[in-house]
Structure formats: C-alpha cells, structure tokens
Amino acid sequence: QLRESGGGLVHPGGSLRLSCVVSRGADDDYIMGWFRQAPGKEREFVADIGRSSNSAAYLYSVKGRFTISRDNARKTVYLQMNNLKPEDAAKYYCGARPGSTTEWTEADSWGQGTQVTVSS
C-alpha cells in the first residue's frame with residue numbers, strides 16, 4: 001500500500017517535495033517511481049529509482065529540476081521538484097514494481113495520488 005503526500009499550490013519557479021510511504025507489500029528490492037496525469041492527458045512517467053540510489057531515470061523535461069530519492073529504512077521515496085513550471089501541474093502518483101520486472105504496468109502497486117498545482 002502506497003500513500004503520497006506533499007502536493008499543493010506553488011508559483012512558477014517554486015519547489016515542492018513529494019513523499020510516498022510504503023506501508024506494506026513493496027520491499028527494498030522494488031523499483032519505486034513517480035508518474036503524473038494532467039486533465040485530459042495520459043499518465044506519464046516522471047522518474048523511478050532502483051534499490052541503489054544511483055540507478056535513477058527521469059522524464060527528459062524534468063531532468064535537472066526534479067530529483068528522486070529513497071530511504072529504505074523509512075520505506076519512503078521522495079520527489080524533490082524545483083523550478084516548477086505550469087506544465088508540471090498534474091496529479092502525481094507513486095508506484096512500486098518488483099525489481100525483476102522490466103517495465104511499469106497497470107498491475108503494479110499505485111497510490112491514490114497527490115495534486116500539484118503550479119499557477120501565478
């Protein structure tokens with residue numbers, strides 16, 4: 001079970017840090033990720049991270065602005081978002097999939113999402 005927090009309203013150029021706590025199910029070998037979905041658009045990959053914090057991948061448009069990290073002891077994954085732009089506004093979802101899998105699917109574990117609004 002995954003639970004996100006940290007969303008909110010921020011001005012363009014502002015920052016937010018999203019958190020996702022894993023209460024059960026996913027263990028340290030799981031790949032953790034963040035996706036987002038804006039109204040009328042498909043859900044899109046934002047970032048994911050393997051057990052080792054060196055193995056992170058990002059959506060091209062967020063590279064250099066967003067940083068994904070994880071604290072295995074706290075069973076928490078974070079998404080630090082800096083220099084937010086209006087096009088980053090969406091509902092952000094945390095996901096977890098076994099490290100043995102090669103891609104994200106609907107069958108993976110997902111949280112309920114947290115809303116990020118970027119507006120002046």
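Student: Between which two strands is Asp27 found?

Tutor: This is a predicted model, in which local features need pLDDT of at least 70, side-chain atom pairs count only at pLDDT 80 or more, and totals for chains, interfaces and linings use all residues. Residues are numbered from 1 along each chain as its sequence is written, and side-chain values use heavy atoms, with hydrogens and water left out. Strands (E, at least two residues) and helices (H or I, at least four residues) are DSSP runs, numbered from the N terminus. Asp27 is found in the loop between E3 and E4.

Student: Is Asp27 buried, partly exposed or exposed?

Tutor: Buried means under 20% relative accessible area, exposed means over 50%, and partly exposed lies in between (1.4 Å probe, protein chains only). The relative accessible area of Asp27 is 38%, so the residue is partly exposed.

Student: What distance separates the C-alpha atoms of Asp27 and Ala96?

Tutor: Along the chain, Asp27 and Ala96 are 69 residues apart.

Student: Which residues does the disulfide join?

Tutor: A disulfide is a covalent bond between the sulfur atoms of two cysteines; here it is identified as a pair of cysteine sulfur atoms within 2.5 Å. The structure holds one disulfide. With an S to S distance of 2.1 Å, it joins Cys20 to Cys94.

Student: How many residues apart in sequence are the parts that this pair ties together?

Tutor: The disulfide joins Cys20 to Cys94. Cys20 lies in strand E3 (residues 16-22) and Cys94 in strand E9 (residues 90-97), so the parts tied together are apart in sequence by 74 residues.

Student: Why is the disulfide of Cys20 and Cys94 given a handedness, and which one?

Tutor: Cys20 counts as buried because its relative accessibility is 0%, and Cys94 counts as buried at 0% as well. The torsion about their S-S bond is about -80 degrees, so the disulfide is left-handed.

Student: Which residues have the most contacts inside the largest nonpolar core?

Tutor: A nonpolar core is a set of buried Ala, Val, Leu, Ile, Met, Phe, Trp, Tyr and Cys residues joined through side-chain atoms within 4.5 Å. The largest such core has 26 residues. Among the elements that give two or more residues to this core are E3, strand E4 (31-37), strand E8 (76-81) and E9. The residues with the most contacts inside the core are Met32, Trp34, Leu79, Met81 and Tyr92.

Student: How far from a polar atom of the Thr114 side chain does the backbone nitrogen of Gly7 lie?

Tutor: Thr114 is found in strand E11, and it is buried, with a relative accessible area of 10%. Its contacts (heavy atoms within 4.5 Å), leaving aside neighbours within four places in sequence, include Glu4, Gly7, Leu18 and Tyr92. The backbone nitrogen of Gly7 lies from a polar atom of the Thr114 side chain at a distance of 3.1 Å.

Student: What is the phi of Lys75?

Tutor: Lys75 lies in the loop between E7 and E8. At 38% relative accessibility, Lys75 counts as partly exposed. Its phi is a positive value in a residue other than glycine, near 50 degrees.

Terms used
Polar contact = N/O pair within 3.5 Å; in protein donor to acceptor, adjacent residues only side chain to side chain.
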